Structure formats: structure tokens, C-alpha cells
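Hi everyone, thanks for coming. Let's take a few minutes to look at a structure together, so please get it up on your screens.

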Amino acid sequence: MADKPIYYGGSGRKSSPIYYGGGASSTYGAGSPVYYGNRQYGGMYGGAYGGVYGGTPGGGGDGEAIVGKLSVGRMIRVVSQRWLSVFVFLLVGLIVSFAIYSISPTIYEAKSEFTMDTRRSNSRGSTAIEQAMVDYGDNYAEIFNTRLPQWRSDSIIKKITDAYRSKFPTSTVTDGELISALASSQLELQRNSRIITISVRSMVPETAMALANAYAQAIETFTDEENKARCDKAVSQIHEQVEKFRRRKDDLSKNLLEFKTENKVDSLKSRRDTVQQSLVKATSEILELEGVEGQLVEWEKLLTEVQKNPDRFGALSANVPRAQEISSEYSAYQQVAGEHAALLVNYTENHPDVVAKAGALKAAKERFLEATARAHETGISTLNVTRNRLASLRKKQEELRAEVLSVGQKIDTAESSLGTLESEYNIACQVFQQLVLDEQKARMEAEANNEMVNVGRPAKLPTSPVLPNPLLIFGAGIVLSLGLGVLFVLIIDNLEDTVVNLADIEGRLALKVLAVFPHVRRKKREHVAKFVAEEKYSQFAEAVAGLRNLLDSPRYEALSHCLLVISTQPGEGKTIVSTSIAIAYAQTGRKVLHVDFDLRRPRLAKVWGLELSKEKSFSHTLQGAGQETPDFQALVCKSDIEGLDVIASLPPEGVSPATIFGSSVVSEFFSWARAHYDRIIVDSPPFGLVGDVVSLATHVDSTIIMCCPDRTHFRPIQFCARSLTEAGANILGVVVNDVEMSNVSAFSQSHKNRYGYKYGYGYKYGYGYGYGYGYGYGPKKQKGKDGESGEAKRTADAAAQDAAASADSGERFEDPGEETPVHGSHGSSDGGDDVADEE
């Protein structure tokens with residue numbers, strides 16, 4: 001086997017396996033051996049593909065950020081897949097936040113407020129006032145910023161510390177600690193207001209509160225002292241005139257007082273006032289007694305008339321002496337008179353009852369007249385007393401009038417001399433008052449530009465510390481840790497460069513997804529390839545039929561006569577998909593040709609169960625073609641599917657595929673195939689490993705690229721699409737293969753929404769073969785001590801490990817007795833089975 005051709009292999013060492021890339025003579029790269037499918041893309045694409053794909057080691061194309069293309073869907077998908085890493089970052093962030101919170105000192109903050117008010121005057125005052133006025137700014141913000149250095153000066157700090165010491169003489173806080181707390185304090189003008197807040201922080205809440213209140217009080221005192229000094233300077237000249245006339249007024253007031261004392265004018269006036277008050281009082285009493293006298297006269301007349309004729313008695317005023325007694329007796333008299341009158345209606349005057357009631361009536365009348373007489377006597381006595389009192393008061397009234405007249409004459413004599421003194425005093429007072437008004441006006445003008453500071457809200461004892469802030473520390477820790485965690489998983493996801501869902505394909509690759517094929521529970525390739533024919537009503541068959549119907553649509557019909565199915569790496573199912581498409585077309589009654597152009601590793605003969613000779617081998621026929629066109633019809637093999645013909649190849653012993661693709665016989669073959677078949681489905685080698693695909697793409701109508709989630713990488717498929725487009729090929733889109741539809745979250749919910757799939761089965765297989773040594777026909781393997789070759793032993797070990805993994809994960813197979821398929825990375829191998837069959 002040593003004479004078999006070496007195509008894209010390694011250095012030719014017998015004991016080393018063949019991978020993609022390899023030794024120094026490798027076509028697609030150089031350097032150390034590279035494992036296709038290894039997640040260390042710096043080695044994979046930097047070595048195996050070298051300058052072909054370009055870019056820096058790792059995922060992402062030129063111009064992409066290290067985190068890749070950002071979208072909400074991608075971030076949700078990556079975080080849901082790598083939530084454990086994000087959780088670890090979150091846990092570390094919480095631990096760090098807790099450590100910071102634990103070691104941070106406890107700080108309390110007290111806040112006091114004071115208001116600042118400025119009063120402006122548009123009128124221009126005197127020169128002295130203008131010189132004394134200070135312009136601190138046109139608005140509160142300017143005034144605050146101008147005054148702030150003064151409020152934080154050493155003099156203010158000293159006032160605060162002195163006030164604190166006077167209030168807390170036993171405090172153990174040092175001056176340095178007080179000054180440090182005040183130095184870190186903040187004064188802030190609240191927006192759109194005149195309120196200034198003072199914030200003082202300290203490790204002791206009582207100290208913070210005391211310093212905040214002392215600070216506000218010190219600013220208020222400082223401002224008041226400054227305003228007073230400035231105003232005093234502005235009105236100093238007017239103030240001198242005020243003091244001069246104040247002394248003049250005081251002198252005149254003293255002279256006036258001495259004159260009044262010597263002449264006893266005030267005593268006379270006081271006496272006159274007293275006598276006048278007594279006169280007024282006597283006159284008032286006289287008038288009152290005269291009214292009482294008149295009432296008593298009227299009552300005396302009324303009582304005299306009642307005594308003469310009791311029946312004419314009416315109502316009496318309550319002020320009449322014995323009025324209540326008289327009214328009571330009269331009521332009794334009237335009641336008895338009524339009863340007597342009522343008896344006379346029924347009886348005669350001689351009736352005993354009438355006689356008795358007549359006696360009672362007479363007694364009641366006598367009692368009434370007696371009460372009236374007593375009241376009359378009392379009224380006469382009261383009237384006599386009142387008349388005597390009136391006579392005494394009228395005599396006293398005449399005496400008071402004479403005294404008032406005498407005192408008035410004496411006062412008039414003294415006031416004639418006092419008038420001059422009072423006139424001078426009044427003039428002095430008027431001048432003094434005017435000067436005082438002028439001084440007040442000048443002071444008001446001087447105070448027009450002052451800043452009035454008043455303590456508004458004193459600081460209260462803080463009960464909870466402001467630092468450390470758990471919400472801030474833990475919130476920042478959570479946000480930063482989550483941000484770093486999400487950034488980390490996005491970077492890892494981008495560096496892995498693996499296709500995960502439809503959004504990656506359509507968004508990042510800008511390629512249309514034509515179909516999504518589910519995972520099938522079959523092991524061998526030939527079984528999976530014919531699954532469409534065996535299970536016509538399965539979901540997999542429906543997916544293939546959907547792709548066929550899409551290709552038959554008016555949009556793609558002109559491009560689907562000759563289809564090329566390619567992949568960027570082995571194991572993505574291009575042979576199975578090409579076979580399924582060919583069967584699907586044959587089931588519609590079309591004449592279909594399935595061609596195996598993977599000349600280096602042909603698979604269709606085994607898939608279709610064909611026994612080929614070199615005369616029927618497609619690769620050998622093309623290799624041996626000379627100037628004459630070969631008989632392509634002789635290469636056609638009938639399949640067990642009606643209308644489906646197959647052209648297959650034997651392993652390339654003595655065949656040079658590069659020579660074949662460079663000859664004109666390939667064009668002649670496609671011309672013959674187009675003339676004899678309705679549909680031609682071409683199975684090609686993987687793109688990137690060899691240059692056959694670019695050559696084939698120019699002979700077909702269109703190309704379909706295979707893709708497997710979590711297996712296909714972006715950079716190879718990007719390079720494939722770019723290379724085919726530059727070569728003039730028509731790329732229809734991408735077929736997503738080997739999707740576990742039962743696990744929607746592993747791929748994308750969009751599959752079910754877009755295609756309606758929710759399958760629970762599918763095919764899944766892995767390949768470990770390499771393009772080199774004729775697909776396993778290299779030098780014979782060296783056997784180990786157990787008699788097995790090293791490669792076979794490695795294959796067996798890998799198969800055993802993957803079988804155990806498959807059993808643990810509950811992977812489903814139709815025949816448990818069959819050989820366990822090898823899954824896992826793209827570098828794993830089931831090539832031992834395939835190679836043995838071929839050999």
C-alpha cells in the first residue's frame with residue numbers, strides 16, 4: 001500500500017495519523033499537526049488554513065469585534081447556553097462586593113440647610129453707597145460660587161470648631177478630626193431654589209450632626225456681621241447728622257421739661273383733667289337719677305289707680321317694687337273670680353257653693369289690695385330717696401364747673417410761655433425724624449445687594465450610615481460581574497466560531513436557509529441515505545420533500561437542473577443529503593442521475609450497494625479518457641429506486657483527481673448528463689481541503705452548502721461562499737442538517753415557528769477519515785503488542801468511549817446489536833468500519 005498516492009496528508013510518517021493540514025509539505029498550511037475540528041482555532045485556521053482564510057488566530061473575520069456581532073437573540077442564546085459561567089462571574093462579584101462592604105468604614109452623614117436671599121435695587125444711590133456695595137453676581141449660582149471660598153475659609157472653620165468646643169467641652173474628638181470632617185464637607189445649591197445644603201460626614205453620628213448645625217450657624221453669623229459692617233460704612237456721613245440733631249432734640253426736650261416742672265403746668269392739666277372727669281361722672285349720675293325719678297312717679301300713679309279699681313289692673317314692669325307679689329295675688333284673685341262666675345251659671349247666689357266661693361273671692365281681693373298698698377308705700381319711699389340724691393349731685397356739679405374754669409385760666413397763662421419752647425422742640429423733632437428716615441433709606445439702599453442667610457432646617461441625628469452603601473456596592477458588583485460574565489461568554493462564543501442557529505447563518509453569513517433536516521435514528525450511512533425511500537411519510541422525508549418543492553418553485557426551477565451539494569468539512573451529511581434529494585426527485589417521476597464526484601473518497605457505491613469494476617468506475621474512466629469522449633452511458637448503474645441512475649467511483653488507486661478536473665472531459669460529461677436526465681445531483685468532496693469544488697461549481701447550475709449546528713464553523717463557510725461567488729457559481733443557500741428538533745432551546749425556537757418541525761429523531765454520525773493516503777490506503781499500520789494496528793486500536797477505544805457516552809445520554813438506535821456509532825468532535829472516527837468495507 002505504500003505506492004498509493006498521497007494527496008493532502010502529512011509528512012508520511014507511518015505511525016502518525018493523517019489529519020487535515022499536517023507537516024511542512026502540507027498544501028493548505030504548515031507548522032505543527034492541526035486537528036480539523038479542534039476548538040483551538042488559532043491552530044486550526046492559523047495553521048491548517050494558513051493564509052487561505054486569513055485573519056488573526058481565533059474566531060471572527062476581519063473587522064469583527066472580539067465579541068462578534070451583537071444582537072439580543074444572540075446574547076440570550078449565548079447566556080442560556082453558558083449560564084454557569086455567567087453565574088460564576090456573578091458569584092465572584094458578590095463575594096468581592098461583600099468583602100468591600102465588610103472592610104469599608106461606617107460613615108454617617110448629617111445635612112443642614114440655610115436659605116440665601118439677595119435684594120437688588122435698580123435706583124442709583126449716593127457715591128458712598130455705591131462704593132460700599134459689593135457685586136457678587138447676577139444670579140444665585142454666581143453668588144454661591146463667589147461666596148463659597150469665603151464660607152470655606154479658615155475664619156469660618158475656626159468659628160465652627162469654637163462653637164463645637166463650647167457646646168461639647170468634654171468631647172474627645174481632636175481638632176484635626178474636626179478640620180478633616182469639615183474639609184470633606186460639601187455645600188450644594190439646590191437646583192432652581194435659594195436653599196443651600198451642608199453635608200458633613202463623620203464616623204460618629206453626633207459629631208456629624210453637631211458640625212452640620214455649627215456650620216450653618218457660623219455662615220449665618222458671618223454673613224450678618226459682614227452685612228452690618230458694609231451698611232455702617234455706607235451710611236456713616238448721614239449717621240453723623242442724625243446724631244447731631246439727636247443731641248439738639250434732647251436739649252430742647254430737657255428745657256421744656258424744666259419749664260413745665262417749675263410752672264407745674266402738668267399738675268394743673270392733671271387736675272383739670274381729674275375735675276373734668278368728676279364733672280362728667282356727676283352729670284351722668286344726675287341724668288340717670290332723673291330717669292329713675294320719672295319712672296317712680298309713673299309707678300306711684302299706676303298703683304294709686306289700681307287701689308281705687310282693682311279690675312283695671314294690667315301688667316307691671318319688673319322694676320316696680322313688689323311687682324311679682326302683686327302679680328301673684330292678682331292671678332289668684334282672677335282665678336277665684338272665674339270659679340265664682342262659673343258657679344253662678346249653674347246655681348243661684350244663695351247656693352252654698354256660690355256663697356263660699358263669694359267669700360273666697362272677697363278674701364283674694366283684700367290680699368291683692370294689701371299687696372298693692374305695700375308696693376305703693378315702698379315706691380313713695382324710693383322716690384323720696386331719689387329726689388334727695390338728685391339735689392346733692394346738682395350742687396356738686398356746680399362746684400366742679402367752677403373749679404374747671406379756675407384751673408383752665410391758670411393753664412392758659414402758663415401755656416402762653418410754653419408755646420415757644422414746644423415750637424422749637426417740634427421743629428427739632430421733625431428735622432431729626434427726617435434725618436432718621438434718610439439714614440434708614442440709605443441703609444436700605446446699602447442692604448439692597450446684601451446676602452441674607454437664615455438657617456432653615458437644622459441637621460438631625462443620622463440613624464443609618466451612608467457608607468458603605470450596600471445597594472451601590474452590591475448593585476455595582478452584580479452589574480459589573482454580569483457585564484463581565486456576558487462579555488466573557490460572548491468572547492468565548494465568538495472565538496469558538498461555531499454555527500449554532502438559523503440567526504447565525506442568515507445574519508452572519510447572509511445565506512438563505514433552504515431547509516432544516518432532523519436527526520435520524522440510524523447508524524450506517526447507507527441506511528440514513530435511503531431513509532427517504534424507506535420511510536416516505538416520516539418527518540425527515542417531509543423535510544426533503546419540502547426542499548425538493550422549493551427547488552421546483554419558479555424562483556429556483558431554472559437553477560435546479562444540475563445541483564452540486566458541498567460541505568466545508570467531512571461529516572456534515574452532504575452524501576446523505578444529495579442521495580435524499582435524488583430519491584425525492586425520482587419519486588416525482590423525473591429521470592435523475594446521482595453522480596459521485598468525490599473522486600478521492602467515493603461513497604455512493606457503498607451507499608447504493610454497487611459492485612464496481614474499474615470499467616464501471618467513474619474516476620478511472622475519466623482518468624483513462626484520451627482524445628475520444630468516453631461512453632458515459634456505460635458507467636450508469638441502475639438503483640433500486642425507479643428513475644434514479646447512479647454513477648459511482650472506486651477508491652482512487654492510480655487516479656489523479658486534480659488532473660481529471662483540469663481536463664475537458666468533465667465538461668463533456670455534464671453536457672451528456674444534461675441531455676439525458678431531468679435532474680443531476682452531484683456529490684462533491686469537502687470544500688477547502690481540495691480545489692475540486694470550485695471547478696465543479698462552474699459546471700453546475702447551482703450549489704447547496706451543508707451546515708451542521710455546533711459543528712460547522714463560520715470562517716470556512718464564509719471563505720467557501722466567497723470563493724464560489726468569485727468563481728461565478730450560483731449559491732442557492734444552506735441546508736441545516738442533523739438537528740435535534742426535540743431540543744428546541746439547543747438550536748432555535750425559530751425552527752418550529754418557521755418550518756413547523758418538532759421532530760424527535762434524526763441521524764447523527766461522525767467521521768475521522770482524512771484526505772490523505774488514498775482515504776486510508778496509506779502505508780500499512782504498525783501493529784501493537786495485541787496484534788491490532790495503532791489506528792484500529794485508537795478507533796476501537798474512541799468507539800468504546802463514545803458508546804458509553806451515548807448510553808449515558810439516552811441516545812436512540814434502532815438496532816442495539818449494531819456497531820455503536822462514533823459521535824463527538826469532527827476528528828472522531830468511524831472510518832475503521834468504512835475503510836474495512838472498501839478494502
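First, the ground rules. This is a predicted model, so local features need pLDDT of at least 70 and side-chain atom pairs count only at pLDDT 80 or more, while totals for chains, interfaces and linings use all residues. Residues are numbered from 1 along each chain as its sequence is written, and side-chain values use heavy atoms, with hydrogens and water left out. When I say helix or strand, I mean DSSP runs numbered from the N terminus: H or I of at least four residues for helices, E of at least two for strands.

Let's start with helix α10 (residues 236–263) and helix α13 (residues 352–446). Their axes are 9 Å apart and the packing angle is about 160°. Axes here are lines fitted to C-alpha atoms, for helices over the stretch in contact, and angles run from 0 to 180 degrees between N-to-C directions. How do α10 and α13 run relative to each other, parallel or antiparallel? They are roughly antiparallel. For the cut-offs, under 35 degrees is roughly parallel, over 145 roughly antiparallel, 65 to 115 roughly perpendicular, and the rest oblique. The contact of α10 with α13 has 17 nonpolar, five polar and eight charged residues. In that count, Ala, Val, Leu, Ile, Met, Phe, Trp, Tyr, Cys and Pro are nonpolar, Asp, Glu, Lys and Arg are charged, and the others, Gly among them, are polar.

Now compare helix α8 (residues 175–183) with α9: their axes come within 11 Å and cross at roughly 65°. That makes α8 roughly perpendicular to α9.

On to salt bridges, meaning a side-chain nitrogen of Lys or Arg within 4 Å of a carboxyl oxygen of Asp or Glu. How many salt bridges does a search of the whole structure find? The search finds 25. One of them pairs Glu-226 with Arg-147, with the closest N and O atoms 2.5 Å apart. Glu-226 is in helix α9 (residues 205–234) and Arg-147 in helix α6 (residues 140–151), so this pair links distant parts of the chain, 79 residues apart. Arg-147 counts as buried, because its relative accessibility is 0%; buried means under 20% relative accessible area, exposed over 50%, and partly exposed in between, using a 1.4 Å probe and protein chains only.

Next, Asp-683 and Lys-574 meet at 3.4 Å, N to O. Asp-683 lies in strand β10 (residues 679–683) and Lys-574 in helix α19 (residues 574–586), so the pair ties together parts 109 residues apart in sequence. Both Asp-683 and Lys-574 are buried. As for α19 itself, 13 of its 13 residues are buried, so the helix is largely enclosed by the rest of the structure.

A further salt bridge joins Arg-711 and Asp-738 at 3.2 Å, N to O. Arg-711 sits in the loop between β11 (702–707) and α25, and Asp-738 in strand β12 (residues 731–739), so parts 27 residues apart in sequence are tied together. Arg-711 and Asp-738 are both buried.

That brings us to helix α25 (residues 714–726). Its buried residues include Phe-714, Ile-717 and Leu-724. After α25 comes Gly-728, with a positive phi near 95°.

Last stop: is Gly-662 buried or exposed? Gly-662 is exposed, with a relative accessible area of 69%. You'll find Gly-662 in the loop between α22 (657–661) and α23 (665–676).
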